[in-house]
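This report goes through one structure, shown just below.

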There are 2 protein chains.
Amino acid sequence: MPTTPTRRLNVHNINQHVVAAEYAVRGELAVKSEEYRAKLAKGDKDLPFDDVVSANIGNPQQLDQKPITFFRQVLSLLENPLLLDHEDVLQNQLGYKSDAVARAKWLLSKVGSVGAYSASAGVPAIKESIANFIERRDGFPADPAHIYLSGGASAGVNTLLHIICKDSTSGILVPTPQYPLYTATLSVLDATCVPYYLDEAAGWGTDLATIKASYEKATSEGTDVRAIVIINPGNPTGASLSEDDIRDVYDFAVEKNLVVMADEVYQTNVFVGKFHSFKGVLRKLQQENPGKYDYVELASLHSISKGMVGECGHRGGYFELVNFDPEVEANIYKFVSITLCAPVIGQCLVELMVNPPKEGEPSYELYRKEYDGIFNGLKERATALHKAFDQMEGVECGGPKGSMYLFPTIKLPPKVAEAAAKEGRTPDEFYCMRMLEATGVCVIPGSGFGQKEGTLHFRTTFLAPGTEWVGRIVKFHQEFMEKYR
Amino acid sequence: MPTTPTRRLNVHNINQHVVAAEYAVRGELAVKSEEYRAKLAKGDKDLPFDDVVSANIGNPQQLDQKPITFFRQVLSLLENPLLLDHEDVLQNQLGYKSDAVARAKWLLSKVGSVGAYSASAGVPAIKESIANFIERRDGFPADPAHIYLSGGASAGVNTLLHIICKDSTSGILVPTPQYPLYTATLSVLDATCVPYYLDEAAGWGTDLATIKASYEKATSEGTDVRAIVIINPGNPTGASLSEDDIRDVYDFAVEKNLVVMADEVYQTNVFVGKFHSFKGVLRKLQQENPGKYDYVELASLHSISKGMVGECGHRGGYFELVNFDPEVEANIYKFVSITLCAPVIGQCLVELMVNPPKEGEPSYELYRKEYDGIFNGLKERATALHKAFDQMEGVECGGPKGSMYLFPTIKLPPKVAEAAAKEGRTPDEFYCMRMLEATGVCVIPGSGFGQKEGTLHFRTTFLAPGTEWVGRIVKFHQEFMEKYR
């Protein structure tokens, strides 16, 4: 018992695995950018910019992206089913088409109230819709019994890592650079992150020799490597994997008996080539090579937060399990049960995402127009941003291929490292902090995602509207380079 | 490397802390009840009942409880802000009052789009509304900076236990019987649950001597007891603590330097006496005894899932921290950041719950009527159910005081234990399974919550409409007792 009164908890006696976790996407820069935003909102005129541009996070609707009208019409009816007593008003005065009304009725018949808990793994009818979507996408059937709705893909990743990792010797191969959800969750779990570098020279693709080397090194150090995470299209890199790359990953997974975790939340954000789903490629491999791939366990994740949907705030997503042991799956079910169920309105939005209006249906035309408008807008902005990077001294960046991000390399003068060290920052942190202070544009240093020793990067979304903010970055960069040359 | 192909994961090599966790609320009985429901939906006529009554879970809107109109009107406008272009239609034809429209506009001005991520700890304006609510409720100010929105109270409990528990020696005092979220989460965390029995003879109140004995025993066994959980009003017990009980808990917390975790999600479900918030009592104690209670750390949790709101499916809630070390709080912020933010529409519903229409405002009358109707309905059903238990042989149950549950003691003939053992079940599991099979009513055995050795209970909600299902239980019980006498 303490002799002088004191608090029970301090940073040294709480869970040190949480203390050790790092999550840069919402770290110091993000906090500072929110302070600037609050200052500006209060009418502060001292800052050298008029608005804050949150290019640190893939949060489309915080910026320019409008929600898809059909989706939100259906959700409004789910929230207030009394509106369904006024179909004539909805259709004649408020712009709802008959298919929006019909979909809301159908969902309500399956969900009951969106204010009620659903079954732990999600609403059965929604799981069936997802299975149908997967079948259309891949050309192979999917089983709703192995689909789990989750509160965004983050919750799915959290569930899967909780099950897969037994103790601190359990290792998970994680791409580097990576979305820090993985390292942060592994840190909290006190499991081992086994990073493998992506190949910047090959458009940030997977390089099997590198993966093997990481695996061998971890194994030789006593780590029990259990799974490989692939983020495709890539975050933060924007890479988009070829089918051959995916096949290589499976061969490696079979050879080393690894679970494959495919984070495919950017599957519709592909500008070059086409998206190949891990599930579809697995089924093809199984068809072509009877027996060889039968024991591969795959978990693939998807979300309503990204793509043309961009409904992050609704926290919806799902994961599909392929070939998991039934007893393992029972534990996954139990784990998700403990927090009862994913948000039901988010589950309904997953249903709308995987089953949007079809050609010929009343809401189709507007849906298509909005969807294509968002897609083309993202592509144009990505291209414009990339063009700006091309002009910047010491900045190199591959062309935009997918996801919502560019991840340029920056080469900074040696004086930067000295100045950064004085602040206890890495050079890329120092650069990003100065950029925020000078321009109001918030990006994330590469060190927040992991990068090869001696290289520096930053990640920026290309979601913010217009090109004025890009001009701010160009001007800042020029001045920064002049100052530290 | 395995010589024969096999799956990577099996129940013996995954996370054994998850395998060890138990969560009866969604366990075998719940799964079986859903199977019955599906059978009935398919037109099956072989079952001895026509519908399944899910009395296993506090899920008001799955049963009879209708959502509050004002809340859902506002949410429908947040989901489809285009409706705000038609205020005349909303007000003249669709039953929206001006205050619903105004609230939606205000929330949208603060939230932006409900499809965007909010700040990690929640929308600042919503945190201010919550602080105002706490101040009105307790008569003492609250600071929005220490309020965190969460995806239901479950997510809040998960966050807090993740921070508080350092390793397997960290102990948390948890009431028994308890809501199994606590034991399940502590199991997943591999921390130590230190159960303390509630006093059934005193309406399931806290008994300080019992708490002390549990604390001393755990401490003597090397457990570092760090916090005490109180569920008030009680789940599964329905108890409602007096202010004196709460004061005693604080004295104990000060003496032993414990964090107090107050789970107050049933704070409006109080039928006898009044609800005393842990925050309010702490501030009173601090006022009366300068210095003595200054170092108490309190986390109090609330939710939109229960009470007259009953919006479980929307996954909304918050917790307020009092007197936590800033560095500890920074880690709580980081932890919640990793999963980005609580569902934004759920956050908005929290705002509506804590700031409902006031007397004199256009939506007040209907709101009041709906609110009181739900409250009185719950009270009536609780009383009717309690009356039925009073008539049942070997069943004893205190009068309903709060929450949504009754938790009767059942005394079963010795033959039951024999028959149960043959099925590998405890006698109360056996009893509840037979009840489900005979009546379609799903309740949870006391063993799912913890109960004193040699005693048997079950928990049932009193949410299901009508009294017909209560009659089914009475009839089943009579036949069961005859059979095993």
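At 30% relative accessibility, A:Asp251 counts as partly exposed, where buried means under 20% relative accessible area, exposed over 50% and partly exposed in between (1.4 Å probe, protein chains only). The model is predicted, so local features need pLDDT of at least 70 and side-chain atom pairs count only at pLDDT 80 or more, while totals for chains, interfaces and linings use all residues. Residues are numbered from 1 along each chain as its sequence is written, chains are lettered from A and ligands numbered from 1 in the order in which they are written, and side-chain values use heavy atoms, with hydrogens and water left out.

The side chain of A:Asp251 meets that of A:Lys292 in a salt bridge (3.4 Å, N to O); the term stands for a side-chain nitrogen of Lys or Arg within 4 Å of a carboxyl oxygen of Asp or Glu. A:Asp251 sits in helix α10 (residues 243–256) of chain A and A:Lys292 in the loop between α11 (278–288) and β7 (298–303) of that chain, so the pair ties together parts that are 41 residues apart in sequence. Helices (H or I, at least four residues) and strands (E, at least two) are DSSP runs, numbered from the N terminus. A:Lys292 is partly exposed, at 44% relative accessible area.

Over all chains, a search of the whole structure finds 56 salt bridges. One of them joins A:Asp51 to A:Arg472, with the closest N and O atoms 2.5 Å apart. A:Asp51 belongs to the loop between α2 (28–41) and β1 (53–54) of chain A and A:Arg472 to helix α17 (residues 468–484) of chain A, so this pair ties together parts 421 residues apart in sequence. A:Asp51 is partly exposed at 34% relative accessibility, whereas A:Arg472, at 14%, is buried. A network of salt bridges links A:Glu28, A:Lys32, A:Glu423, A:Arg425, A:Arg434 and A:Glu437.

How many salt bridges are there between chain B and chain A? The count is four. The table includes two pairs that join these chains, along with the two described above.

| Salt bridge | N to O distance |
|---|---|
| A:Asp224 and B:Arg8 | 2.5 Å |
| A:Arg72 and B:Glu79 | 3.8 Å |
| A:Asp51 and A:Arg472 | 2.5 Å |
| A:Lys292 and A:Asp251 | 3.4 Å |

A:Arg72 is buried at 2% relative accessibility, and B:Glu79 is buried at 0%.

The contact between the chains (heavy atoms within 4.5 Å) takes 96 residues from chain B and 96 residues from chain A. About 8,200 Å² is buried between them, 58% of it given by carbon and sulfur atoms; buried area is the accessible area (1.4 Å probe) that two parts lose on being put together, summed over both.

In chain B, helix α9 (residues 208–220) has 13 residues, which at 1.5 Å a residue should span 18 Å; its end C-alpha atoms are 18 Å apart, which agrees. The expected span is 1.5 Å times one less than the number of residues. The buried residues of α9(B) are B:Ile211, B:Ser214, B:Tyr215 and B:Ala218. They cover an arc of only 100 degrees around the axis, which puts them on the same side of α9(B); the arc is that of the directions from the helix axis to the C-beta atoms. They pack against β3 (170–176), β4 (192–197), β5 (224–231) and α10 (243–256) of chain B. Turned away from that buried side are the exposed residues B:Ala209, B:Lys217 and B:Ser220.
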